[in-house]
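Let's take a walk through a protein model together. Have a look at it first, and then we'll pick out a few spots.

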Amino acid sequence: MTIYRIALPTPLRRLFDYLPPSGASVHPVPGVRIRVPFGRRQLIGVLLEISDASDLPEERLKPALEVLDTEPPLPHHLLELACWAADYYQHPVGDVLQQVLPVALRKGATTEAAPQTHWRVREGASPEALGGRAPRQRQLLELLLTRPAGLAAEELREAGFGSAQLNGLLDKELIEPFEALPAAPDSSPEILKEQPLPLNDEQQQALEEIRAARGFNPVLLQGITGSGKTEVYLQAIGRVLETGGQALVLVPEIGLTPQTVSRFRARFAVPVQALHSNMTDLQRLEAWRQAREGQARIVIGTRSALFTPMRSPGIIIVDEEHDTSFKQQEGFRYSARDLAVMRARAEQIPLVLGSATPSLETLQNALGGRYRHARLTTRAGNARPPRFELQDIRQQPLDEGLSQAVVTRIRSELAHRNQVLVFINRRGFSPALMCHQCGDVIGCDRCDARMTLHRSPPHLHCHHCDHQRPIPRRCPACGSDDFKPQGAGTERTEGALQRLFPDTEVLRVDRDSTQRRHAMQEIMERVNAGDPCILVGTQMLAKGHHFPAVTLVVILDADAGLFSADFRGMERTAQLILQVAGRAGRAERPGTVLMQTHHADHPTLMQLVDEGYEAFAARELTLRRESALPPFIHHALLRTEASRPGRAEAFLSALCEQLVANRLIPPAVHWLGPFPAPMEKRAGHYRAQLLWQSYDRRALQQLLADLCPLLEQLPQSRQVRWSLDVDPVDN
Ligand code: ADP
Ligand code: ZN
Ligand code: ZN
């Protein structure tokens, strides 16, 4: 008997047995996709094993319907990595494989090239028909006139044209769509489009560390913002390309940092494929295919790009490796950074983890000798690092959160025709709306949280469950109509600055102000024009952008993360402060970072400012070691939620009893809890958690493996939702 053991996209943590499709003579290799009957539906799964026995009696086995591939879509080692990750993160393997494959393949598309929509100019059409109007449509038409074979919709999008221009020209009957196979990317024999910069000594040293060993060679590239890390990546990649290899570059947020992609395209003549969120399923599949075939020589993408197959993998780069977006926070809770290490090991290639503010995990790996450690301590070119100043605001009058000293400094920078960046990590007008009569603060009905007041347009918004509602006329507690907003968010700061500097443009950058397509691009264009202006925004401003004319960075609420309950609060605060600070004075003009604080004598803040990140991190690592916290100990967090109060905790208590009764907890593993989640009620659910910790990774993994079946069997498990987070990044 031949049994196909198949991973199916279901929440069940097991493989499913099927008979071969009727009439099958040759058996496929593991890794191919197979369509099978499942209940009354059909599912597409991945064949993982072929076996000669099943636990089920033969008459209960159904034949599979169809084998979809002759060759597995994922190379063997990536399939293994995915299975390993399913085990490690305790997530159903069928669901992991789903997430690892492009959506189009999950739905059954072929791995062969598929036709895509292209556009071309209609016979006889000419730009004259447009008259003087619609300059963007004219540009598009002129571009298409230079390409008689047409251009793929994707290429047009990348050239900055959207459906507005396409529809405009289509309505005027000047252009037409057609379907065609994607053109193979231009493969010029040249690798470089522009010459690399001569490296400084530290950059040269870093490059040598990356090339120092053959095979797996993880390197932490720790370089202050503007020190030329990207230049080192580019040159390391250049070497890989020369020997025929491909490069995979992971970045935190590609939409926010189109400059990164442009820099790669400006440097290299080889095809550079960016994977971003507003690609269609077919475009993604095509990009994936080109990487797999070896045509796309450089792939740049976010977390999910980690599993992009490559024909000749040569190097993996994880930029801003400390960024928490590399960890998926729901479902399959993997860390793309950690899996990048596993992948580079499997592919026996170098791996560069780059950051100005490395995570303590990575730093400890470097300090402990498991990774090489290269440092860039000076800014490349002529730029000088910014100077830090703590602005003590104790007992100072504040005008909507701005101290007089800060306003004066902003005024002086603007008078020198410089730009100013004001950072406040809260969007909206004000984080709380309070009744001035009775002191009641308007909370979210579904969360243990306050509602944020927004003014444009006016409404209350819960930033935890996304619930929105109108601003009440009267206080629900006392009936008064005398409300006072408490504290400032970006909208309020924007308004205050506009009032104080009526002749200066104030640009707000947060999730609300950049929702519209191209909004961010437009803001960036205004900033790049170089005229004096004030940028106000959240951490969106901290990521990747160059603001050459910004000479003053103001951090309005430097205290926000100092007293966080999460032991990572300090690390995150330090990373964010340095990341924001790094935006200042990137060009010739030196920059200053002014931090408003009520804790100007806070030892950690002072150390960060005076001695820099590495000194801060060394001290933080000592504290973590002494307090038995990661990275010195391993964590796994079991989160639960239920619709009734108390249920989630009761479930966890029952679980602990079972584990103890069955002696399933290895002596090397300890647990804390159950206790309510930091915000117990969220989106209408009551949440509790249990933290497992151990110095012994194997013992912890053993427990987790035993835990999941038990969780599924507990009678209470129907009333709660649970999820396991291995190596959580927020506890
Ligand atoms: P990072 O990635 O560390 O923030 P970048 O690689 O973006 O730094 O470099 C910052 C600026 O310095 C860029 O404008 C870059 O072109 C320039 N730069 C980098 N390396 C050199 C070098 N060796 N010589 C001159 N300029 C350099
Ligand atoms: Zn009231
Ligand atoms: Zn809410």
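Start at Gly612, which sits just after helix H17 and takes a positive phi of about 95°. Before going on, note that this is a predicted model, where local features need pLDDT of at least 70, side-chain atom pairs count only at pLDDT 80 or more, and totals for chains, interfaces and linings use all residues. Residues are numbered from 1 along each chain as its sequence is written, while chains are lettered from A and ligands numbered from 1 in the order in which they are written.

Now step back into H17 itself, residues 603–611, where Leu605, Leu608 and Val609 are buried (20 or more other C-beta atoms within 10 Å of a residue's own, with C-beta atoms placed from the backbone). Seen down the helix axis, these buried residues fall within an arc of 90° (taken from the directions from the axis to the C-beta atoms), so they line one face of H17. On the other side, Pro603, Asp610 and Glu611 are exposed, meaning 12 or fewer such atoms. Helices (H or I, at least four residues) and strands (E, at least two) are DSSP runs, numbered from the N terminus.

Next, the sheet. Five strands make an open sheet in the order S2-S1-S4-S3-S5, with antiparallel pairing (to pair, two strands need at least two bridges found by DSSP). S2 and S5 stand at the edges with a single partner strand each, so one side of each has no neighbour in the sheet. Further in, six bridges join S3 to S4, and Ile34 stands opposite Gly45 in S4.
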